[in-house]
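Good morning, colleagues. Please have the sequence and the model before you as I speak.

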Amino acid sequence: MTGTSDRALTSSPGHAALGLSDEHAVALYRLMLLARTVDERQWILNRQGRQAFVVSCQGHEAAQVGSVAALRRGQDIIVPYYRDMAAAITFGASALDCLLEGMSKGNGPWTGGRMMPSHFSSPELKIITGSSSVGSHIPHATGAALAAKLRGEDTVAVAYFGDGAVAAGNFHEGISFAAIHRLPAIFVCENNGLAISTRPDAESPVARVADRASAYGIPGVEVDGTDVLAVYGVMREAVERARRGDGPTLIDARVVRLTAHSSDDDHTRYRSRDELAAVAARDPIPRYGWYLREYGLLDDDSEREIKASVVAEVEAALVEALAAPPPDPSTALAHVFVEAR
Amino acid sequence: MPVKTLIEAVTDALAEELERDPSVILLGEDVGALGGVFRATAGLHARFGSGRVIDTPIAELGIAGVAIGAALNGMRPVAEIQFADYIMPAYDQIVNEAAKIRYRSNGAFGCPIVVRAPFGAGVHGGLYHSQSVEALFYHVPGLKIVIPSTPYDCKGLLKSAIRDPDPVLFFEHKRSYRRWKGEVPDGDYTVPLSLAEVKREGKDVSVVTYGIGVHYALEAAELLDHEGVTVEVVDLRTIAPMDMATVGRSIAKTNKVLIVHEDNKTGGVGAEVAATLAEEYFEQLDGPILRVAAADAHLPYAPSLEAAIIPNVDDVVAALRRLAAY
């Protein structure tokens with residue numbers, strides 16, 4: 001074992017017991033690395049003045065990749081929030097998509113420069129458009145699940161949100177409706193313990209997000225969100241439950257936010273050096289790398305290869321994204337309604 | 001042709017659309033077995049089942065949010081807000097989500113929902129069962145707002161709203177639900193959105209109005225006719241996006257305009273109509289643009305208090321006489 005963490009590599013029974021092939025297990029690692037690499041590139045573009053704003057997924061990758069990996073791409077539905085780049089990538093978005101939208105280019109595939117970066121949206125990929133409001137998309141997952149159930153499909157709809165959204169009325173009304181009708185919906189809280197700077201004790205009278213599930217008569221499952229395999233296992237159970245017609249699950253994935261809230265935030269104003277060191281030690285990516293090494297699925301050579309291929313992919317996307325033109329101002333009035341104005 | 005009330009026209013439109021398109025669903029408070037507190041969905045639960053006519057919790061944010069989510073996954077939900085006064089918890093979902101979905105997704109997603117709500121005063125509803133809310137939404141791009149005045153228009157417009165690919169707010173004045181009957185054909189027909197209609201021809205003064213204001217204007221026009229003043233009544237029917245061409249043609253003919261609505265005067269739809277007429281039809285006007293609207297107060301319960309706030313036929317007549325004198 002090459003890792004220095006004193007944590008267990010995973011609380012899951014391991015990838016093989018979860019039904020993941022060796023190749024699939026390594027593919028999850030590459031997805032996490034790809035998201036991290038795009039994310040880090042966006043911060044550089046921000047400092048270069050090429051991208052006005054960054055909102056980061058760093059520290060959330062295991063929760064996102066592990067949960068989306070338990071879904072069927074192009075068939076199930078995700079309703080993400082702005083921190084979900086690794087989820088979007090796992091569901092089929094590309095590095096180029098992320099960078100085009102990051103720099104608000106006219107050919108950005110999600111919003112074409114209409115929204116801030118990381119506002120994922122694709123009917124083809126079954127990624128439902130979201131606003132920047134915290135929690136208002138939670139009932140949309142419920143509605144999407146209702147539609148699937150009414151049509152007799154076995155589609156599962158998944159809402160992703162942060163712990164800040166748990167305080168919003170949308171959380172209550174969205175989950176309550178889904179539970180009443182036992183809809184095939186899953187509610188994944190990426191719980192990093194920070195709503196910008198606000199701590200959970202000022203957001204919620206109960207310590208555990210998962211405990212709130214009891215108010216709706218549904219399972220609430222807490223999982224280490226920095227453990228990609230543990231998340232996969234919990235999510236797979238929730239998906240099976242939803243497909244069986246047994247209704248929604250609330251998943252409380254304990255993650256870390258490795259960056260400031262956004263590029264406009266300085267988190268050293270409200271996080272100590274000790275705290276930042278502690279969350280850095282919980283980075284999900286090296287942890288999973290140690291797991292893969294432990295099982296002989298990764299070594300120095302293969303890790304170097306994976307990283308090189310990820311960097312090559314991101315750099316090629318960057319060249320293309322930088323060259324893309326900004327949106328045409330003559331299109332600013334388009335899409336208010338279907339009809340042209 | 002059958003003669004029906006406006007509420008019966010609502011029920012007919014909903015039933016026919018449920019029958020025509022399996023993606024149409026209804027959801028709202030008490031819309032199921034009860035058939036709605038105004039009976040708009042009477043019989044539909046028994047006919048189409050609890051899967052398509054869904055009783056929801058008394059929680060309007062959720063009603064709108066769930067409807068939007070279902071629309072994003074291929075359904076055509078018709079949400080009922082029991083009284084327009086209670087649409088406020090859904091305001092964020094309607095304004096920040098439904099209205100913006102097409103724009104923010106660069107045209108990739110649409111949000112084909114209809115939000116129906118009974119609104120308006122004159123039925124002893126007090127502050128929280130009487131409000132007109134159209135101006136609160138009128139300001140927002142991406143929302144269509146329909147307010148029918150007759151049973152015929154109501155059925156045809158509601159069908160158009162349900163078939164429209166964008167979000168439509170469909171406000172039904174509850175005092176008009178059973179007060180004015182009209183001919184409503186059986187079977188399918190539509191009335192296009194964003195098309196005003198001249199409900200009475202005249203040459204001296206135009207009244208631009210919608211909803212219950214149409215009935216007040218028609219009554220006032222009848223009275224003025226005996227005084228030798230002919231009044232043209234333009235029923236906007238859809239207030240957003242508005243058919244200003246029809247309004248403009250009427251003003252070109254009469255050169256005088258009165259705007260009537262029951263909503264508050266300040267910041268109301270009439271203010272926008274007046275501003276547009278001042279900008280684009282100034283040369284055609286031979287008198288001031290007048291408005292008859294509710295006073296800028298809330299809507300009290302006691303009839304004597306309420307009557308002091310909301311406009312009536314006498315107010316319309318007085319304004320028309322003033323304009324006719326120019």
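This is a predicted model: local features need pLDDT of at least 70, side-chain atom pairs count only at pLDDT 80 or more; totals for chains, interfaces and linings use all residues.

Let me begin with a term. A residue is called buried if 20 or more other C-beta atoms lie within 10 Å of its own, and exposed if 12 or fewer do. With that in hand, I may say that 58% of the 326 residues of chain B count as buried. For chain A, which has 341 residues, the figure is 55%.

How does the model score? Its ipTM is 0.97, and its pTM is 0.97. In chain B the pLDDT averages 98, and 100% of the residues score at least 70. Chain A has a mean pLDDT of 96, with 98% of its residues at 70 or more. Where does the pLDDT of chain A fall below 50? That happens over residues 1-5, a stretch for which the model shows nine contacts beyond near neighbours in sequence.

Let us turn to chain A as a whole. How many helices and strands does chain A have? There are 11 helices and five strands. Its C-alpha atoms fill a box of roughly 50 × 50 × 40 Å along the principal axes. The radius of gyration of chain A is 19 Å, which agrees with the value near 20 Å that a compact globule of 341 residues would have. The contacts of chain A give a further view: of those with a separation of 6 or more, 77% are between residues 24 or more positions apart.

A:Pro329 lies in the segment after helix 11, which covers residues 300-323 of chain A. Is A:Pro329 buried or exposed? It counts as exposed, because it has 8 C-beta neighbours inside 10 Å, and the cut-off for exposed is 12 or fewer. A:Pro329 and A:Gly106 are 223 residues apart along the chain, and 9.6 Å separate their C-alpha atoms.

I now come to chain B. It has 12 helices and 14 strands. Its radius of gyration is 19 Å, close to the 20 Å that the globule rule gives for 326 residues, so chain B is as compact as a globular protein of that length. Along the principal axes, the C-alpha trace of chain B spans about 60 × 45 × 40 Å. Among the contacts of chain B between residues at least 6 apart in sequence, 78% join residues at least 24 apart.

Chain B is divided into two domains: domain 1 takes in residues 3-183, and domain 2 takes in residues 197-324. The centres of these domains of chain B, taken over C-alpha atoms, are 26 Å apart. Domain 1 of chain B contributes 25 residues to the contact and domain 2 of chain B contributes 23. On the domain 1 side, helix 6 (134-138), strand 6 (144-146) and helix 7 (151-163) of chain B each supply at least two residues. That side of domain 1 consists of 11 nonpolar, 10 polar and four charged residues.

How many of its five residues are buried? Five of the five are. On one side of strand 4 of chain B are B:Arg76, B:Val78 and B:Glu80, on the other B:Pro77 and B:Ala79, and all are buried, so to describe both faces as covered is to apply the cut-off of 20 or more neighbours.

Which strands does strand 4 of chain B pair with? Strand 2 of chain B, residues 24-28, runs parallel to strand 4 and is joined to it by five bridges. Strand 5 of chain B, residues 114-119, also runs parallel to strand 4, with three bridges between them. B:Val78 takes part in both pairings: it is the bridge partner of B:Leu26, and its own partner in strand 5 is B:Val114.

Finally, the two chains together. In the model, 33 residues of chain A are in contact with 35 residues of chain B. Helix 5 (138-150) and helix 6 (169-180) of chain A are the elements that give two or more residues to the chain A side. Which of them gives the most? Helix 5 of chain A does, with 10 residues. By class, the chain A side has 16 nonpolar, 15 polar and two charged residues.

Thank you for your attention.

How values were computed:
Residues are numbered from 1 along each chain as its sequence is written. Chains are lettered from A and ligands numbered from 1 in the order in which they are written. Helices (H or I, at least four residues) and strands (E, at least two) are DSSP runs, numbered from the N terminus. Two strands pair if DSSP finds at least two bridges between them. pLDDT is the predictor's confidence in each residue, from 0 to 100. Two residues are in contact if their C-beta atoms, placed from the backbone, lie within 7 Å. Ala, Val, Leu, Ile, Met, Phe, Trp, Tyr, Cys and Pro count as nonpolar, Asp, Glu, Lys and Arg as charged, and the others, Gly among them, as polar. Domain bounds come from an automatic or database domain assignment. The radius of gyration is taken over C-alpha atoms; the globule rule is 2.2 Å times the number of residues to the power 0.38.
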